[in-house]
Every structure is written in C-alpha cells, then in structure tokens.
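Hi everyone, thanks for making time for this.

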Amino acid sequence: MKTVVCVKIIKGEINPFDAAALEAALRADPSEITVLCMGPMIAQDPLRALTRLGNLRVILLSDLVFAGSDTLATAQVLSAAIRKLDPDLIFCGRQSIDGDTAQVGPCLAAKLDWNLIANVLKFGSENCETRTGSEPVAIPSVLTFERIYPLRFPSLRSKIGEIEIWDNKILGIDPARCGLAGSPTRVRETFESDRGRRKCRFISRSELEPLIRDLLQKPNRKRKIAESKKKFPAVWAVGHEVEKEAFAIADQVIFLEKESPKIIAEKVKKEKPEVVLWNADLWGRKTAPQVAGILDLGLAADCTMLETDGKILSMYRPAFEARLLAKVESLARPQMATVRTTEISGKLIAAAGRGVAAQYDQIRRFADHLGAEFAASRGLVDEGIAPYEMQIGLTGRQVAPKIYLAIGISGAVHHTCAIENAEYIIAINKDKDARIFDYADFGVIEEF
C-alpha cells in the first residue's frame, strides 16, 4: 500500500493535525510512505528530522512561483506532485493550526477526482471511524485526520536521511495556476476586531450563583444579524441553515438541496450565481472545498460576518492562529463562503478551557449543580480531555444561550466569535489580563 502524507511546517514544526496523519500512516503500513510538503527552503531541517521515523521518502515542493498560494493553488501544486507519485491513499491533517480552513484535503480530492473520507477518528484498512460515522476505505482515497495521535519519537539509533527538492521544472504547472497568480482569494485587510466587546463588571465568587439566578429570570433579548445597506439581487444557499445570513446580503435567496459535490458544481457552472453560501458544519466544510476544487473557485472558510456593496462580497474570518480577523474577497465568480451559523442553545452553558484541565471533573459537577450544559474549548478537545461534540469555537459549535459561563478560557478570537450572541457572558479566570474579560459582561478573577 503506497501512502502519501501531506504535511505543513509551521514555525519550524509539523502541523499537529498532519503529525497525527503521519502517525496513522506509520501504524497502518510503514513500508511505502512518502511525506510531501509544500513550503520555502527553510522547511528542510524540520522535514529532515522526520526521516528518522523510518524508511520515509520526504519531498519538499519549493519554488518561487508557488509563493502566496491560497488553499486552491496549494491543492493544485500538491495534486501535480501526487500524480507523479501514484499512491493508493493520501493522508492529511484535517486543517492547519495557522489557517484553520480545513480546505486543502477536500480540494485535493476534487482535483484528483478521488474519494474523500473526512474527519477520521480511527483508521482501519477496510473501514474508518469518522465524525459522521463509519466509512469504507476505497482505493484511491484522500483521508483527513483529526488530532487523534501524537507523533512517535525517533529511535536513538536512527539516522537522518536526505530529502528531495522538487521545483516547478519537475512539476510543470502553468504559473498562472499556482502561487498568488493562481489564488482566487485575497486577504484585503487584517485587524483586531472590536466586534463582540462588552463592558465587564467584576464580582466575587460568592456573587456568582445569585447573579446567574437573577439573569435567568430576565426577559430574553432579540437577536439580529447586521444587514448590508446595498444587497445582491439574489444569492444561492446550500441548505436552509444559512437563510438569515443570506437574506442579510441579498433581496432573494435561492436554496439548493444538499447533494454531491459534482451535482452542485454542475448546477453552479450552468446557472452562474453571483454568490454561493454554505453552512460551516461538517458537511459544508467537506463539500464546499470540493466544489471549489472542481470549478477552480475561491472559498472563504468559517466566516463570522458578511457584508456587500451589492457587487463584491466581503467575508470576515479569524486568521493568524485566531489572533486577528481577516477581510477576504474572491476574484473568481461565484463568490463562495462557508458561514458560521448560531445554534440557539438553551439557557445556560458552562464551558471549561485548557487553563482548568486538571479540574475538568470538578467543573463538570459544578455545571450539573447549576443545571447547565457542559461544554469545552478547543484546547481541551485537542488534548483529548473532552470529546469534539462538546467543543465551542470556530471549528466547533457557535452558540447563543441566555448565559455563557467561561471557566479557565483565555478568550482567543476563534472562541469569542462563537459566543458573541450569548445574552450574558460570565468569565472566571485567574489571569486578570485574559482577553476573555474584554468580551464578558461579568468577570471573576479567581482560581476555580
């Protein structure tokens, strides 16, 4: 079984989701594995370290014409290399931790016209367990892995091997289809957004439970989605989950059924809509990049806000490890985005973060005492402490409870953008400078 593992080097280290994919390949069949990375020449050293893990062939795709590639152009370069390697399976991480788009794997499957198995939790030679159930492993397939395994350490006696450098002379890609020239999405602006900021009033721990009881008795506030002053005459929406977001930017919304990527792509190609919106759930994050790959379209992932002047769709999403918000536009038509939709989530959610990982069971009991739904941040999920179904955040659920109680959560953009529709946010954190307090109505500066 020939397997290619696609990896990305971030700040001198392998992306942890890709590390899980590589470990899965080593456990399944270590005999014929090729590690494939697209990046600058400085990626050589961390890639060379991977050669100590076994009899791995390691290839770095590096050329100035590849620079500036978005997810579509990246998939274009990787697919050209993979056609030369002719593997049976391709393993990828679900997403990179710097981009969080989860688009390259699905887009790569579309470029190759291969089967896609997304969000793998457990790999077997015949069947995989995924976030959405069990799926048979067909040959050839692209598989995207959750962060399920830590990558093994090399043996003490292992030696560093050589890596191969492939440039565009080897791949022969039209320069207009890779790098910045082949990237239909453009980041027009990045900034630290004030959206969702609140004025925090600090209270003592003894005031917490009486405050929660009082807030639960208050009448509910009405939630609104900001509408653009000028709108598109019509946009397409795949499914009805993004109905409110679609009507905020268009006078008319045409709804498509959730069908296969090829069927949706054919409809888009024939009708040529101005905009296509998708829900950023597991199905949307799997299907939309495949349609983008089939049609060579740009796709902005996990958008938290949309606006338009009636012609151009401006799509806002967290970027740079969720420290900033990016304003993204597409040069291609139709303009496409997956959009985070809000889940109305009952009266009270108590969520634990990485800062209180050691007190996980204690906080769960506290949530039960309050009658709250218990949830978790991405940090706890990535560490395997909490299941993915509990995750609140950009790559989890976006919620709108009456009260959101954040315990030991620092308040990164990818988390606060998912809770901004909560009527009241209460934060407990021992760090008085934690960002979460800028997005909370009430704060408790104490250890839990």
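Let's start where α4 meets α9: these two helices cross in a right-handed sense. Do bear in mind as we go that this is a predicted model. Helix α4 covers residues 104–112 and helix α9 covers residues 282–295, and their axes come within 7 Å, crossing at roughly 45°. With a crossing angle of roughly 45°, α4 and α9 are therefore oblique to each other.

Who is touching whom here? On the α4 side you'll find P106, C107, A110 and K111, and they meet R285, K286, P289, Q290, G293 and I294 of α9. By type, that contact between α4 and α9 divides into five nonpolar, two polar and three charged residues. If you look at the numbering, there is a simple background point: an α-helix has 3.6 residues a turn, so residues three or four places apart point the same way.

Now stay with α4 for a moment. How many of its nine residues are buried? Eight of them, so to speak, making α4 mostly covered. The buried set consists of G105, P106, C107, L108, A109, A110, K111 and L112. Please notice the lysine, K111, in that list. And α9 is one of several partners: the buried residues of α4 also pack against β1 (3–7), α3 (71–85), β6 (89–93), β7 (115–123) and β10 (141–145).

What happens just after α4? There D113 takes a positive phi of about 60°, although D113 is not a glycine. D113 sits in the loop between α4 and β7. Is D113 buried or exposed? With a relative accessible area of 52%, D113 is exposed, since the cut-off for exposed is over 50%.

But D302 is placed in strand β17, residues 299–303, and D302 is buried, with a relative accessible area of 0%.

Helix α8, residues 261–271, packs on α9 at an angle of about 50°, with the two axes 9 Å apart. So α8 and α9 are oblique to each other, and α8 passes α9 in a right-handed crossing. From α8, the contact uses P261, K262, I264, A265, V268 and K269, while α9 contributes W283, T287, Q290, V291, I294 and L295. The make-up of this contact of α8 with α9 is eight nonpolar, two polar and two charged residues.

One runs from I139 to P140, with omega near 0°, and P140 is in the loop between β9 (133–136) and β10. Another joins R333 and P334, where omega is about 5°. P334 lies in the loop between β20 (324–330) and β21 (335–339).

N127 is in strand β8, residues 127–130, and at 39% relative accessibility N127 counts as partly exposed. Leaving aside residues up to four places away in sequence, N127 touches K122, S134, E135, P136 and V137. S314, in strand β19, residues 313–319, counts as buried at 7% relative accessibility.

Finally, let's zoom out to the chain as a whole. The chain has 12 helices and 26 strands. Its radius of gyration is 23 Å, close to the 22 Å that the globule rule gives for 448 residues, so the chain is as compact as a globular protein of that length. Along the principal axes, the C-alpha atoms fill a box of roughly 65 × 60 × 40 Å. Buried residues account for 57% of the 448. And what about contacts between residues at least 6 apart in sequence? Of those, 68% join residues at least 24 apart.

Conventions: Residues numbered from 1 in each chain as written. Predicted model: local features only at pLDDT ≥ 70, side-chain atom pairs only at ≥ 80, totals over all residues. Heavy atoms only, no water. Helix = DSSP H or I, 4+ residues; strand = E, 2+ residues; numbered from the N terminus. Buried < 20%, exposed > 50% of the residue type's maximum accessible area, 1.4 Å probe, protein only. Contact = heavy atoms within 4.5 Å. Axes fitted to C-alpha atoms, helices over the stretch in contact; angles between N-to-C directions. Parallel < 35°, antiparallel > 145°, perpendicular 65-115°, else oblique. Left-handed = near helix turned anticlockwise from the far one by under 90°. Nonpolar A, V, L, I, M, F, W, Y, C, P; charged D, E, K, R; others polar. Rg over C-alpha atoms; globule rule 2.2 N^0.38 Å.
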